[in-house]
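Please open the structure in your viewer and keep the selection tool at hand. The tour goes from one selection to the next and says what is found at each stop.

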Amino acid sequence: MLEVLSNRAYARLFSAQVVALLGTGLLTVALGLAAYEIAGAQASVVLGVALTIKMVAYVGFSPIASALISELNRKKVLVYSDLIRAVAALFLPFIDAAWQIYVLVFVLQAASATFTPAFQATIPDILTKEADYTKALSLSRLAYDLENIVSPVVAGLLLTVIGFHWLFAGTAIGFLVSSYLVLVATVPAVSDLKHRGFFDRLTRGSRIYLATPRLRGLLLLNLAAASVGAMVIVNTVVVVRSLYGGSEPEVALALAMFGCGSMVSALALPRLLDHLADRTVMATGAVLVATLLTGVGAVLFSGISLPWLVLLSIWFLTGLFYSSILTPSGRLLRRSAHSEDRPALFAAQFALSHACWLLTYPLSGFLFASAGMGWTMIVLGSTAGIAALAGLLLWPRDDADVIEHSHDEMPEDHPHLRNTGRRTGAHSHAHAFVIDDEHRVWPTHG
């Protein structure tokens, strides 16, 4: 897997991602402590609003940002987004009111909603072989999981010698280092970029996404992942502290087990995807984790309590299956658009997948508070299962790249018919099919 780091451009961009993630992890810890300093016992309310603002920025701003920056230099967009995040982090130590947290969180997350899809869309243009790109996706998943484990440890060590306000400086340094690594990396420009109106640019990614059967299936699999992920992320602290009487180290251990499961999956996926289709791996993971959550919920609802080690095992398996749903998604996006449309498509994936989280986060918290752990797991597990089955129905089993199709509206000597793919008739030919200006509807759907 690590051999893809021999590509210097990718190695620098991956290093930028790792450093920025470490800075983001420090920000998460510092933000919680700052909220407690400002609001005391109401800190959870402040953090809840801040997380909602984060998701709203992701869902609402990402497509707008993609439309605004689509014709700009890609490297400059990445560098300036990092610089904006660094400046916002530097203002955070001086906040003394909750509304200031909300404003700065929105600015920082709006910059992240600009940076992340553009960054993700760049990697397929650097690693053009699918095997290399698959390894890069697994490395990215590992980076996210390690950040969840390493950042709290680093923050804890730093807090023994400095005040929490200095953690914001560490966040800013992370973003500054990230911007430098992007600056010195070779970032390929998008070729054959067409000038389009703002509304076309704004909606292009979502139109391609929703018109592509495999991506409609992916959207529902995103909902399945968000359902099980929300159960773990939102409720682990309450489960461990209230139901098991555990302390903060036990909370960290439970979350680490979820992260370890995700990392094991990410390490295994490159070889697994050499032999199995994306649809098989992702749908199997979704069905298994939905079955696991629903089954455990039914056991809890019947009044049976689970030993601590069993809970840890369940969290590990949840992370394992969760990662098998999410990690291959970049491969689907790469296959489903031309290079010039990938930034818009990745922005659509970023917004739509976070819309799923915007639904499941509050649902998970409300259910747990009102109905308990058993019902919460049954409802979220059932949601994941229904979403997985619906995704399988929308994502055809025979998901071929090259599709024979006809262009009855085109003259026989049209350049697209003459120069693209294998000619099969006067108005028909076959080639790798994606939604674009010449192909606005999937052949099997009208």
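In which helix is the place of Ser323? Select residues 308–326, which make up helix H11, and you will have Ser323 among them; bear in mind throughout that you are looking at a predicted model.

**First stop: Ser323**

Stay with Ser323 and show its surroundings. Its relative accessibility is 0%, and because buried means under 20%, Ser323 counts as buried. Leaving aside residues up to four places away in sequence, Ser323 touches Arg141, Ser262, Ser265, Ala266, Leu269 and Pro328.

**Second stop: a pair of helices**

Now select residues 74–91, which are helix H3, together with residues 98–126, which are helix H4. Two packed helices are described by the angle between their axes and the distance between the axes. For H3 and H4 the angle is about 150°, and the axes lie 9 Å apart. Angles over 145 degrees count as roughly antiparallel, and H3 and H4 are therefore described in that way. Their crossing is left-handed. To see where the two helices meet, show the side chains of the residues in contact, which include Val77, Leu78 and Phe91 on H3, and Leu104, Phe115 and Phe119 on H4.

Finally, select the three strands that form an open sheet, which are arranged in the order E1-E3-E2 with antiparallel pairing. The edge strands are E1, at residues 402–406, and E2, at residues 422–423, each of which pairs on one side only. Strands of a sheet pair through backbone hydrogen bonds, either parallel or antiparallel.

Begin with E1 and E3, the latter covering residues 428–432, where five bridges join the two antiparallel strands. Along this pairing Glu404 stands opposite Ala430, and Ser406 stands opposite Ser428. Then turn to E2 and E3, which pair in the antiparallel sense over two bridges and form a hairpin with four residues between them.

Is E3 largely enclosed or largely open to the outside? Four of its five residues are buried, so E3 is largely enclosed by the rest of the structure.

Technical notes. Residues are numbered from 1 along each chain as its sequence is written. This is a predicted model: local features need pLDDT of at least 70, side-chain atom pairs count only at pLDDT 80 or more; totals for chains, interfaces and linings use all residues. Side-chain values use heavy atoms; hydrogens and water are left out. Two strands pair if DSSP finds at least two bridges between them. Buried means under 20% relative accessible area, exposed over 50%, partly exposed in between (1.4 Å probe, protein chains only). Contact means heavy atoms within 4.5 Å. Axes are lines fitted to C-alpha atoms, for helices over the stretch in contact, and angles run from 0 to 180 degrees between N-to-C directions. Angles under 35 degrees count as roughly parallel, over 145 as roughly antiparallel, 65 to 115 as roughly perpendicular and the rest as oblique. A crossing is left-handed if the near helix is turned anticlockwise from the far one by less than a right angle, and right-handed if clockwise.
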